[in-house]
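Student: I would like to learn how to read a structure like this. Can we take it feature by feature?

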Amino acid sequence: MKRPVATEQFELGVCYYPEHWPEAMWADDYRRMVETGFTVVRMGEFAWSVFEPEEGKFQFGLFDRAVDLAHSYGLKVIMGTPTATPPAWLTEQYPEVLNVTYEGVTLQHGMRRHYNYSSPKYRELCAAIVTKLAEHYGNHPGIAGWQIDNELNCEVNEFYSESDHLAFREWLQHKYETLDKLNEAWGTVFWNQTFTRWSQVHLTRPTPSPKQPNPHQALDEKRFISYNTISFAKIQADILRELAPGQWVTTNGLFGHLDSHELNEELLDFFSYDSYPQFSSIYFDPAEENPLRDRGWSLSLSAVRSISSNFCIMEQQSGPGGWVNRMDMPSPKPGQMRLWTYQSIAHGADMLLYFRWRTATMGNEIYWHGLNDYHNQPNRRVKEAAQIGKELAQIGKSIIGSVTQASIAILRDYDNEWDGEYDNWYGPFMWQSNKEWFKALQHKHIPSDVLYMRSSTTLEELSRYEVLVYTHPAIMSDETAALLDQYVQQGGKLVFGCRTGYKDTRGQCYMRPFPGAAQEMTGITVEEFTMVKGTRQPTSISWSHDADILTGADAFNDILHVEADTVEVMGSYASDYYAGKPAVTRNKRGQGEVWYYGAVFNEQAVLQMLPALGLDSPAADWLELPPQVELQIRAGADKSAGSLTFLLNYSEEPAELLLKQPRTDLLSGQTLSGAVTLQGFGVLVLQ
Ligand code: GLA
């Protein structure tokens, strides 16, 4: 039975590092945290050397005092297990715990996450420190829960130490049993890679051409890393469950090569996420049309929600962010931190901690600003946090436990994400298309979910949505296709993009017409296909409902051929030698329909499809919103009890809204109706 994120109140708090500050400051810090409205504080996650300064010599004095004092101020403590930063004595004594790069370079002490998950010694030492911590704090009334490690697979998500090669081989032996089966799955007959002894089998290694390993091996490697990460975390989770049964367990994600759904399902009470919307300023592409910027974080939050419908934001950006020589992010403008806080809440957060209480004066993160500056005097960000604290103390109880509502989901799956990381012929398309779909839905105020297709996914889960969009699932098993088809037969609408269905779960290509496993349900085949890049001129699609509307047929073109008489051509290519051939089709099937869109999606194309898919804003009857305002809805299990509509203005400029029915804004307590101005970066929570 999993514990909920929050039951009594919305839990607001901050990450704190008592070991970084003179003890004489702690009481004042805690007092001001409580004044800010904080109820929870995370600590300990990098403090291994404080807990165990020498192997086997444990001491808890500093954290006992820090935890007890926090408790005396009524703050609940989240204790981090410190395994993301093994101490220098450990890596010196047991260098085999260090991680090794693909090229074979050992990554030394000096940053963090400098370890591998496979080393038996590291697993043993982690188990020892976590056992001691859990024995010591497992019954402490001031400890609410635990964070395992910190950001598993952040910074590094590849591991090539000797122990990793051995563990991979063992995992393969378990998976394939015989070398013959492994040889077949990896297609080793190609280029004479056939293995005749298990000792020849490794994780991918440098080859004559840089980073171009066997693709089937590369896919299995990522599956293994995920398995191995979970098995590493499980050691800690098992200890905590046994020794701290009254406290909850979480960890903060979401990173590559890790099935976070499985991690959460098997080990955690709920999932946590670290939300830094200002990363959008680092990855900003000036060529992108209509960029979502910080609002794009809502798509990541939707992925988090697919893991755990209610979650904790373990770190929420609270200032300009940067390490000494990278990630130089601008400061949040007045109101922006509050906006991002409600962004997290609108998407399902029931607990949220700012990172961090005070900016570090030393180390790599001296520019990763916390709420307080080095000088520790009152500032704008602390004031803004106090406003949020006050608001959530009032309205938090009406929010927690409710879940977001959506009639469309963007489907994703780990196999395609991992295989697509290497395979350029479809991998990058998924990120592009999902973003464009999300953008179109955001601008039309149609809330969406992310849903992961997993071996355990049921028809019931799919059927909660009127529309499912699975942009470029190159890998598709016949079982997955059958499940999706069932969804369609009973009334669902399913949309695919180019490069769908042509690979099996080994990553090998089916000897069938494209779209392979999805051919029957789409009612089409792909006559020809091409990348659209390099010397190829961009192509476009003309839409059947209005031939004058042209949208770009981006990146890749599947030239479609209609096979079934239930198929309607919704759009055709408007240029190149395949002008006039079908580019977008809709197959009526059972009670539902299957769309095939032959290219990589863009917002303009999605906007052509939305009306035909019957999608509209759930608030269309009573609310008119400009595009820069995000709409999200959270409702309790009993929907008749009403729902909360979150409106978030990502623009610095005021937004004009029209409420055709009166609604109460929980934040101000005012009843609003008619023309309403939502201030720049403003938030409304309408009941
Ligand atoms: C991550 C980590 C934190 C800190 C912040 C800022 O989210 O979990 O320890 O490093 O980034 O860099």
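Tutor: Start with the shell around the ligand. This is a predicted model. By class, the shell has five nonpolar, one polar and five charged residues.

Student: Which residues are around the ligand?

Tutor: Among them are the aromatic residues Phe-46, Tyr-276, Trp-323, Phe-355 and Trp-368.

Student: How do I read polar contacts? Which distances separate Arg-112, Asn-150 and Glu-315 from oxygen atoms of the ligand?

Tutor: Look for N or O pairs within 3.5 Å. A polar side-chain atom of Arg-112 is 2.9 Å from a ligand oxygen. For an N or O atom in the Asn-150 side chain, the distance to a ligand oxygen is also 2.9 Å. For a polar side-chain atom of Glu-315, the distance is 2.5 Å. The ligand has 300 Å² of accessible area on its own, and the protein covers 95% of that.

Student: Next, the strands. Is β9 mostly covered or mostly open?

Tutor: Mostly covered. Strand β9 spans residues 349-355, and seven of its seven residues are buried.

Student: Which strands pair with β9?

Tutor: Read the bridges and their sense. Strand β1 (residues 11-15) runs parallel to β9, joined by four bridges. Strand β8 (residues 311-317) is also parallel to β9, over five bridges. Now look at Tyr-354 in β9. Tyr-354 is the bridge partner of Val-14 and of Gln-316.

Student: What is the phi of Met-327, and of Phe-681?

Tutor: Near 60 degrees for Met-327, and near 60 degrees for Phe-681. Met-327 is in the loop between β8 and α11. Phe-681 is in the loop between β26 and β27.

Student: Why do Met-327 and Phe-681 count as buried?

Tutor: The cut-off is under 20% relative accessible area. Met-327 is at 14%, so it counts as buried. Phe-681 is at 6%, so it is buried too.

Terms used: Residues are numbered from 1 along each chain as its sequence is written. This is a predicted model: local features need pLDDT of at least 70, side-chain atom pairs count only at pLDDT 80 or more; totals for chains, interfaces and linings use all residues. Side-chain values use heavy atoms; hydrogens and water are left out. A residue is near a molecule or strand if one of its heavy atoms lies within 4 Å of it. A polar contact is a pair of N or O atoms within 3.5 Å; within protein, one must be able to donate a hydrogen and the other to accept it, and residues adjacent in sequence count only if both atoms are side-chain atoms. Accessible areas come from the Shrake-Rupley method with a 1.4 Å probe; for residues, only the protein chains shown count as cover. Ala, Val, Leu, Ile, Met, Phe, Trp, Tyr, Cys and Pro count as nonpolar, Asp, Glu, Lys and Arg as charged, and the others, Gly among them, as polar. Buried means under 20% relative accessible area, exposed over 50%, partly exposed in between (1.4 Å probe, protein chains only). Helices (H or I, at least four residues) and strands (E, at least two) are DSSP runs, numbered from the N terminus. Two strands pair if DSSP finds at least two bridges between them.
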